[in-house]
Structure formats: C-alpha cells, structure tokens
Amino acid sequence: MTDAFDPSSRPGIALAASSAEDVGDPRTFWGDAWRILRRKWLFWVSLTLIVIFVTMAVFPQLYVWPSPSPDDPSGLHCKLTDTRLGPSFSEHWYGTDVQGCDYYAQVTYGARVSLTVALFATLITVGLGILLGGLAGYYGGFLDSIISRTADGFFALPYLVGAIIVLSALTTSDGRQTWHVTVAIGSLGWPAVVRLYRSTVLQVKQLEYVQAARALGASDFRILTRHILPNAVAPTLVYATISMGAVISVEATLSYLGIGLPIDSISWGIMLQEASNKIERSGHLLWFPTGYLIAASLAFVLMGEQLREAFDPRFR
Amino acid sequence: MTDTTVAFEPSIRNGETLLEVDDLTVVFDTEDGVVQAVSDMTWSLAAGETLAILGESGSGKSVSVQTLMGLIPKPPGRVVKGSIRYRGEELVDASAAKLRQIRGSEIAMIFQDPLSALNPVYRVGWQIAEMFRIHRGASRSDANRRAVELMERVGIPNAAARARQYPHEFSGGMRQRAMIAMALALDPKVLIADEPTTALDVTVQAQIMELLQEIQRDTGMGLVLITHDLGVVASVADRVVVMYAGRTVETGPADPFYAAPAHPYAQGLMNSVPRLLGERFRLESIPGSPPSAINMPNGCAFHPRCPHAVDRCHQERPAFVELTDRPGGAACHRTGEF
Amino acid sequence: MTSTESALPPPSGAPYAPSSDALLSVRGLVKEFPQRGGLPGRPLPPVQAVSGIDFDVPAGKTHGLVGESGCGKSTVARTVLRLEKPTAGAAMFEGADLFGMDRTALRDARRNIQIVFQDPFASLNPRMTVQTIIEEPLVIHGVSSGDEREARVADLLRRVGLSPEHANRYPHQFSGGQRQRVGIARALALEPRLIIADEPVSALDVSIQAQVVNLLRDIQDESGVGYLFIAHDLAIVRNISDLVSVMYLGKIVETGTRDEIFDHASHPYTKALLSAVPEPNPVTERVRQRIVLEGDVPSPADPPSGCRFRTRCWKAQEQCIHEVPALIDRGAGHPVACHFPE
C-alpha cells in the first residue's frame, strides 16, 4: 500500500506542500479517506442504512412501540384470531404471522440477532485472520507454511459442509444457541483474511520504514503493531465490512436450512424458513424479512466498496 | 500512405520547423483548486535540432510534450490557452483520429522506465514487429525481419535471438534500446525522450545518449530531451529551455548557456552539480524547496530562494526578455546585473 | 591523515587484519542469497551479492562505497546492520563483533549505528507524525521521557534545517528533500557514532541533493560521526568521502583515499566509471573520449571465473580467466584488484 495521496502520480504537478512554511495542517490517511468518502452519495446511502439497522438492533423500541397491557404482556397484540393477516396501513403495517403477532415488530426485532451474529462472526474472522496472517507474513518460513497450508485446507472444504460439521460438534444436549452459529461462521471465514492480510504484510514489511524500525532495534511486537498493522489493515477493513454483509446472508441461509439459529429465535432466516411453505397465500411473510435481509446485507457490501475506493490510491 | 512513398519522399528539410509550442497553459482541476501545471510555455523544434528541456520534479518540464502526446488525463487536465503545432497543423483541438495518426508515426516518445513501457507478456521482437504490422500492414515475416534489423540498428547484439526474448530478460540499457527501436519503427520526424537515462547506470547512460545522437545524425529528425540532469545532455543539446515552477525561466543556445547561465535559478542549478574535476568545493546549494503548485509565491516564483531578490521580485512577475549580451532570453527583473 | 592511511590494506598483500582504531572494520564479508527453483537434487547456485570484501570506516571519516546497480553495495549496508544474515565474514564495530552478538547486545549496538535510506517516500511510516517518527529511537531505547523528548525532537528538527512547528505533520506533507531531512533527524536522535547512508541523495532533485550532502558534511564536522556512504554517483562520492572503494559484481576492485581514486584511478572499471560521468560543459564534453564498456554486467548467480570484470574489459588476457586478482597495491600507491593496472 502506498500512502493515501501521491501527487507525483499526476503528471507535472507538485501538489506536495514544499516550502517549509506552507506545509499545512496535519493530513492523515483517515482524514483523506473521509474527504473522499463524504463526496460519494453511495457512501451516504449505505451509511444511512447501516445506522438504521444498527439502531434497530440495539434499540428496537425506537421502531416499534409496544403497548403492554394486562391481557397482552408482550405488547405485540398477538391475537390468534388475527393469524396471517395481510399488510395494512391502519393496523399491522406488515401484516401478522401465524400466531397473529404484528409482523413489523417481528421483522424489526430480527435485526438484533442477524447483526449480532454478523458482528461477532466478523470479529472472530478478522481477529484470527490478522493474527495468523500477520505471523505468517512477518516471520515466513515454517510458521508461514503451517498457517497457509491449514488455510488452504479450509478453502478446500465446502462452506456448508464445514458449517454443518462445526455446528454439530458444538451442539450439546441443550440444543443449538446463537453463539454456536457465530463461532461456526467465524471459524470458517478466517482463511480468506489470512491470505489477504498476509499478502499485505509481505508488501509492507519490505518497505524501508519497516527496515528502518528494525535497524533502530525495535522489537517484533512493536514493528507488527506500530508499523505494519496500521499500514496493512485497510484492505482487511474493507473485506471485513463486505463480510458483515455476507455473514448476514450466511446466517439466514443456515437458519433457513434448519441448521442455524434455534427455531425459537427471532431472526430473518428463521422467518424465511417458517414462511417458505406459506408463500402462495401469505407472501408478505416472505417478502418483508427478505427485503430487510437484502437491504442490510447490501448496506455493508456497498459500504465496503466505498471504503475500498477511499483507501486505495489507484481509485483517486 | 505506403512504404514506397515514405522511402522516396525527402521527408524532412533540414532546418524546417517541426514543432511549435506557443503560449501553452495547462491546468489541473484538483480538490484543492485549479493548479497551473505550465504557464505561457513557448518553444519550437527544427528538424535536425536537439532541444533540452531542463527542470526538476514538479517544474512542469514534461507537461507540454505530455499534452501533445495526449498523455494528460482530461479531466483533471485542461489546456486553457496556447497552441501546439506540428508542421503548421494545430494539435490542441485536433480530432482524435488526426492525433493518433501523428503520434507514433510522426512523433514518437520514449520514457524513463522502459520496463513499464514494454508489455511483459510479449516477446520484445514481436512488440517491435507489431508497429510494422499494424501501422504499415507488413506481413508477419516481413515485420519480424524489419524488427530484427531495427534491433541491430540500435545496437542490440545478437538481435535475432534477442527478438525472441521477453522484456524481463533484457538489462535496463537493452530495454531502453528496445524502446528506442520501437519508437523509430515508423520513421518519426520528432523523437521525444522523457528522462531517457535517469533509470540507467552511468556507464549505460553514455551509451544511450550516444545512440540517440547517432540516430539523429542519420535521420535528421528533431529530438526533444527532457531531463533534470544538466550533465547528461550537455554534449548533445543545441538549445535549452529551463523550467521552474511551471514557467520557462531561461532559454538559449546550449554553449553560451552552459558557459554562463543568466537566470539565478539556472545559475544555482549549475553550481549545485557536484563535479569530478577541479577543486572539491563545498557544494553551492539553492536554499529551500520549489514552491507548491497550489501555493505559488507572488511575483517571481523563484524569489523566496533567490539570492538576488529585490522588492520588485516579490510583487511583479518578471516578463520573459531577450538577453542583450548573447542569444537567448530569461525571465528575471535583474537580468544582466549579476 | 594517519587514521585514514592505516584504514587501508597493507601494501604487501599480507592478510588484512581488522584495524583496531577503525570505527567499523569489515573483513571477508560474504552474502549469498539462495535461489528458489531448479530440479530436485540440483538446486540453482546461490546469488553471490557480496563475495568477500574488506573495508574500514575510520571514526569521524567517510568511506564511500561506489558501484552500479546490482554490484552488492546496498547488501553490504543491510548485512552490516544485520538486517540480512551474513553468509561469512566479520564486522567489528568499536572492537565488538557485530555478527556474533545476541539480541540484547545487538540492540545496544544499534544505538550507535544508524541508517539513512534512499527513498524518502518509503523510509518514513506514512501513518506516523514527524514527532513520532523522530522520537521512535528514543522510545525504543528508553532514552529520555515525555517533555524532554519533545524538546529533543524540536532540537533535532532545527539541526536538520526544519522547523519544530512541523513536528505534528505527516510525511506526505513534505517534499522529498524535507523528508530526507526527517530521515536524517531520526538517524541522529541517538547520537550514533556511525551512520550508514544508502544512496541518501539519489532520489532527490539536483538542487536538493547539494543541500543534503552539505547537511551531512556539517553534521560530521559538528558531531564526529563516521559515514559509510553508499552511492552510484561518483561526483557526489568525491564530494563527501575521505576513502573510496569501487565495487563491481560483489567485489571491491579498487580502494584508496579520495584523491588516489579520483586522480590516480588504476583499475579499468574505475577508469570507465569515471569517464562516463558527464560534466555540464558542452565544450569539453563534445571532445571528451569516453571509455564505452561492452555488454552488460554478468549475473551474480554465475559470475565469470578469474577476474569478474574480464568479460567487459578491453585489457583482459588469458591470466584474467584463470586467476582471481587480489586486492593489493601494484605500484599505484593503493590496492587494486587487477592483473594489468594502469
């Protein structure tokens, strides 16, 4: 990765501040990236969507206003007589589900599980990937061989098969839990991050400022954290953002197939599974969670693309 | 146009003006505002002549030829005024088809880094032969034969075998020779060399300069050498143009220029070149650094670094005037005073 | 001048013992890089980047190591700094063996040996401010604390001709010459006794080169630091060096004081190099006879037998194919590795 802004790549102009007096205010890599991002409408679209979904996950009360009463403690107006009502502007915006509960509330609450799984699975993926990729790229040799070959092995394993194996290994007599799915997805995603981060580390460690730090007597830990990580992490951050979107779909896929989240969780995938055999008569049960799923997933993928363009000097 | 007409036509009259750059101003629209890459640049090139455009990085020395070769990305680049004429024909607003025809076959260019200018996946001979196949419609075997001839002509030993090699198998000097061969393929009347020797070792630099000079003698083409290195072009340049901060600060015939540059910047540049001969002085350097293109000083752009600057230099941009004591011109308020 | 002279090999050709009064004394340095590929059981021969070289850097003096690209001069710098593992040889820094040191000893030695790199764009971490970059050596070696460090960085910035106000700026806000000054300030932070400068000015503009060369000379005059100055530009080496060694294909072909090399060059390669350097004077340039070398530098994976320069030398004889010329004084007053010196 070269630095954020390289004026020499533009013919004939010296934009780099040069005389000692007009160096200007500090401009950072992140500052430059922000200056690029804020002019992109897709960035604002995806940011808005992400903010909506994140607040939906953390404070669903902002979006649904349950009114608990003695005969309706959940406040979700579940009336079995109202089963599978269609959407209407007056009462149930998104209609109701099989139990006659408000579907808008259900779909909104579904964001929490989806985003939590996506966030933690991505954190596991990126954490493992940066750790192993950093070690492999920096030290090379035997360590690199072991880590890279293990990663290759994971690549050879079909994703769903891998997820089924991990999930069945984790599932105990208590049944499946949310964190099982998180760990399963997270533990299968890291090889891609290892490859990506390892290759950036290989590039960055050749650079003279890393050599300069070594010549100063800096420890490997210092070199890895202060010199390599900040300069190599941008592509991985982009990947992580896109991966958030992907994990949302993967979780839904697993849940839809019945090997994901426990059947009583409120999640878009579970809703899809339940709706799948009622599509002819109650299409709304399928369309609303699907729409949310696509919007949430797309928001992160789009954000990742915008970050990639802002971080990568070739796009500037 | 067929080969026969090219061969029999006396292609260039010696002394004929081939290229004229007149009052050229090119700007770039950047997020920090409009940046002047070159301002009011004027020069011309005659057949058989060697013009050296001297300047440091960011001086705008390459911008005029990049503009005429269509290498300026538009946007952000823009020609705001001035003209570039090739044999009297205006190029600034010429059609894309017209420009394509002139570039390559009439005006050719070689670059500093021959490795990135050659395609790594094709054999060197094939890349040179391609020029004949595409532009001259030569048959495959004919094109290959002529490519090998050209490679011999530019001093690549064992050319027939070398033609079958890939660019990475060539040394830096050989790659530059291959680039020159490719540039010469269509008998251009003007060759532009942008820092042709900068990436090369010193012993190879001399070889490449000698080759360029020899080819020019044989073909009578005009040669534009763009460089930061005053030494490398000293023996070949007929005239020089010195650029600073996007403006021409001095022009003139090479010999009197090298003997006594008139502009303080050119003087400073000459003094900061370390010498192999003579006394080992402390190097005379120009203090400070070139100004940023977004933040040009008022008046003369060189005044913050100039040892001779007076009040007037801070306020008023010096006009370009003819020198009185010798041919040439300089843009300095105090020309002739020191 | 006594220390300068004792830093050269003895004229007799006797074994070149590590010099006790030299700051850095390198003997028999070899660095080979294994090549990947080749058939099983028949690996490719290693690339000999440096093939047994000796040189000294006297305290407070500059030894210029000059040669064209691929001659191994930068590998010498990296090996002496232990950024690469030497294949063979010894390097004594103030009497201590750099190549035999463990990690702790090496860390301590690195306080006294610093490096300035060629590329001012690549040698500074783009995510760090100038303050963080320059104080990093102080932090790593636990020298001084907080406020004191800030004052020290300000002082270093002034010393290299930059303004202390720029401490909180990032490298890409500076021009090439200014960045190189930041790199020099970082190298000076621990007040080292030896600075290895690996092509420190070749990426800079001519007018800026002169500034940086002058700065390096001023720093030496003030602090008495010794330089190993690696460059391909002979004119710059002449300007800054006390001693000069010319490298070709991993070996030193000629070594001596600056005047001996530049005024009485005796190895054909040195002569060719000198004759290739252009002077900015058209009148003398046009009549000057250049020695034009034939062909290219051979591959260091398969260097020629005998004298490595013989494939391009106009004086090569039968003897040059079979016999490696030793680096000894052959009557020129300084050591030359040539069977037929001038």
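Is the crossing of helix 5 of chain B and helix 6 of chain B right-handed or left-handed? In this predicted model, the crossing of these two helices of chain B is right-handed.

## Helix packing in chain B

Two packed helices are described by the angle between their axes and the distance between the axes. For helix 5 (residues 124-136) and helix 6 (residues 140-153) of chain B, the angle is about 115° and the axes lie 8 Å apart.

On the side of helix 5 of chain B, the residues that take part are Val124(B), Gly125(B), Trp126(B), Ile128(B), Ala129(B), Phe132(B) and Arg133(B), and they meet Arg140(B), Ala143(B), Asn144(B), Arg146(B), Ala147(B), Leu150(B) and Met151(B) of helix 6 of chain B. Sorted by class, this contact between helix 5 and helix 6 of chain B comprises nine nonpolar, two polar and three charged residues.

## The open sheet of chain B

Chain B contains an open sheet of eight strands, which follow the order 6-7-8-3-9-10-12-11 with mixed pairing. Strand 6 (107-110) and strand 11 (321-322) of chain B stand at the edges and have a single partner strand each, so one side of each is left without a neighbour in the sheet.

Within this chain, strand 3 (residues 50-54) and strand 8 (residues 222-227) of chain B pair in the parallel sense over five bridges, and Leu54(B) has Thr227(B) of strand 8 of chain B as its bridge partner. Helix 9 of chain B packs on the sheet, where it touches strand 3, strand 6, strand 7 and strand 8 of chain B; the direction of helix 9 makes about 160° with that of strand 8 of chain B.

## Nonpolar cores

The largest nonpolar core has 69 residues, and those with the most contacts inside it are Ile180(B), Leu212(B), Val233(B) and Tyr258(B). Helix 8 (residues 172-184) of chain B gives the most to this core, contributing eight residues. Another core, of 65 residues, lies apart from it and includes Ile134(C), Val182(C), Val237(C) and Leu273(C).

The surroundings of Leu212(B) can be given in detail: when residues up to four places away in sequence are not counted, Leu212(B) touches Ile110(B), Ile180(B), Leu191(B), Pro196(B), Leu223(B) and Leu225(B).

## An enclosed strand in chain C

Strand 5 (residues 62-66) of chain C has five of its five residues buried, that is, under 20% relative accessible area, and so it is largely enclosed by the rest of the structure. In a regular strand the side chains alternate between the two faces of the sheet. Both faces of strand 5 of chain C are covered, with Thr62(C), Gly64(C) and Val66(C) buried on one side and His63(C) and Leu65(C) buried on the other.

Strand 5 of chain C runs parallel to strand 10 (residues 226-231) of chain C, to which five bridges join it, and also parallel to strand 11 (residues 243-248) of chain C, with four bridges. Leu65(C) stands opposite Ile230(C) in strand 10 of chain C and opposite Ser245(C) in strand 11 of chain C.

## Positive phi in two loops

Most residues other than glycine have a negative phi. Glu195(B), although not a glycine, has a positive phi of about 50°; Glu195(B) is found in the loop between strand 7 (190-194) and helix 9 (202-219) of chain B, and its relative accessibility of 8% makes it count as buried.

In chain C, Glu199(C) has a positive phi near 50° and is placed in the loop between strand 9 (194-198) and helix 7 (206-223) of chain C. With 7% relative accessibility, Glu199(C) counts as buried.

Notes
Residues are numbered from 1 along each chain as its sequence is written. Chains are lettered from A and ligands numbered from 1 in the order in which they are written. This is a predicted model: local features need pLDDT of at least 70, side-chain atom pairs count only at pLDDT 80 or more; totals for chains, interfaces and linings use all residues. Side-chain values use heavy atoms; hydrogens and water are left out. Buried means under 20% relative accessible area, exposed over 50%, partly exposed in between (1.4 Å probe, protein chains only). Two strands pair if DSSP finds at least two bridges between them. A nonpolar core is a set of buried Ala, Val, Leu, Ile, Met, Phe, Trp, Tyr and Cys residues joined through side-chain atoms within 4.5 Å. Contact means heavy atoms within 4.5 Å. Axes are lines fitted to C-alpha atoms, for helices over the stretch in contact, and angles run from 0 to 180 degrees between N-to-C directions. A crossing is left-handed if the near helix is turned anticlockwise from the far one by less than a right angle, and right-handed if clockwise. Ala, Val, Leu, Ile, Met, Phe, Trp, Tyr, Cys and Pro count as nonpolar, Asp, Glu, Lys and Arg as charged, and the others, Gly among them, as polar.
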